[in-house]
Amino acid sequence: MQPATACAFSGLTIPWLRRCSSLRVKCSTSQRAHCASTSTADTAEPTEPIGPIEPIEPDPEPFKLKPLPYPFNALEPHMSKETVEYHWERHHRGHVDSLNAIIQGTEFAEMKLENMVLTSYNEGNPLPFFVHASQVWNHDFFWETMKPGGGGNPSGVLRDLIERDFGSLDELAKEIQNAALTQFGSGWVWLAYKRHRLGVGNDINPRPSEKDKRLVVVKTPNSVSPIVWDYYPLLAIDVWEHAYYVDYEV
Amino acid sequence: MALRSVVSRKTLAPALRHYRSLTTFTLPDLPYDYGALEPAISGEIMRLHHQKHHQTYVTNYNKALEQLDAAVSKGDVRGVVQLQSALKFNGGGHVNHSIFWQNLKPVSEGGGEPPHGALGWAIDKDFGSLEALVKKINSEGAALQGSGWVWLALDNEQKILKVETTPNQDPLVTKGTSLVPLLGIDVWEHAYYLQYKNVRPDYLTNIWKVINWKYASEVYEKESA
């Protein structure tokens, strides 16, 4: 937790002030009004919109570990009960606990998880708790990507898009497998919908073409997910070793 | 003049290629049995780690080398550059694991015995004590996100010991050309998961019982001579 800091436009030391990053200083509207009335310094409004922060009792558990949508053994024989249990109980829960420990009492605790992931990614210079926020999001998505008795083939619009963008379901499967096998180190493989041709999330392509709006297979390192690039994930596959080592070893 | 243009590099190159053989690599043998490091590291982990993981790095490195050779001969710049990540990953994996097997030793053969001599003094000078060094390595190893290695390194230019981490299979030299690896600890999940599950700190605590300080001392004395 950061110590009390000086207000950016009055210079006064204010105990409740928190820095959310080295770039921005946040005050509530009442606090700013206090500063404006007591200081003779320039009270120009900061150019960035600043949301209100109500001082409330910090919730020690802003995020709860989402329960699995199925029992631990429901994915057998493809994924053992042991793996699912360790993965959810130790890894997923570990990230939830670490995230809570870092964000409790800060303004991040009131953010929705997805916003927290995007904010903490900080455009490629991640804040310390990005790994936990992102892994919580990724694992929530991962458990939903699977279901007991799942498998089979997609239908409808998704199937049409797959055939348009990959040629066939087999081609898609091959591309996903290849991505999974060539992800060096830990990471994830995604089937995602990509709106823009430019691979940078904060650029809107000023000249849209038929290369936009496609399904893509993406691989991301460690805890990164393609939502930070403004893609829309459809499927997630965890290729960290802990996801498969007990069942498949190498 | 005419002769020179006939026997130019371009005409010699195909002939030279026949005589240039590609050095390929093989998996080095472990200097101890798979089960010899128990209970710190299980025999099952050692076997898989050596026979499957390290072997895969060697195999894929050789493959990448062949592809590199072909691309270089063809003058395929794009192909050469594209192979760099595979070379770094698999070559790094081979380099790192070859060092790692030397860094470990069964207790019965001196594993876990603290360093003496020049390396012992250097550790005391640069870290205060062996305990402080172990604590630092363990905390950096535990904090490493994803996969990677934690190293005790000798900086040959500044003549001091350092603790460094590298991601994935990046060899220590990627952190500095003057860095010499003395000890490396693999913190990829495959190095400990079957035995310790997600509790990497326990693995790091126990591995010191089988660390081969003698090898580290030899490297240190040779490099700082």
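Start where chain A meets chain B and look for salt bridges (a side-chain nitrogen of Lys or Arg within 4 Å of a carboxyl oxygen of Asp or Glu): the count between the two chains is 0. This is a predicted model, where local features need pLDDT of at least 70, side-chain atom pairs count only at pLDDT 80 or more, and totals for chains, interfaces and linings use all residues. Residues are numbered from 1 along each chain as its sequence is written, chains are lettered from A and ligands numbered from 1 in the order in which they are written, and side-chain values use heavy atoms, with hydrogens and water left out.

Now select the residues in contact (heavy atoms within 4.5 Å). Chain A supplies 16 residues and chain B 19 residues. Together the chains bury about 1,800 Å², with 58% of that on carbon and sulfur atoms. Buried area is the accessible area (1.4 Å probe) that two parts lose on being put together, summed over both.

Next, stay on chain A's side. Pick helix H2 (81-103) and helix H7 (245-248) of chain A; these elements each give two or more residues to the side that touches chain B. H2(A) gives the most, with 4 residues. Helices (H or I, at least four residues) and strands (E, at least two) are DSSP runs, numbered from the N terminus.

The chain averages 81, and 69% of the residues score at least 70. Go to helix H4 (residues 130-145) of chain A for the highest confidence, at 96. Strand E3 (residues 18-19) of chain A has the lowest, at a mean of 46.

How values were computed: pLDDT = per-residue confidence, 0-100.
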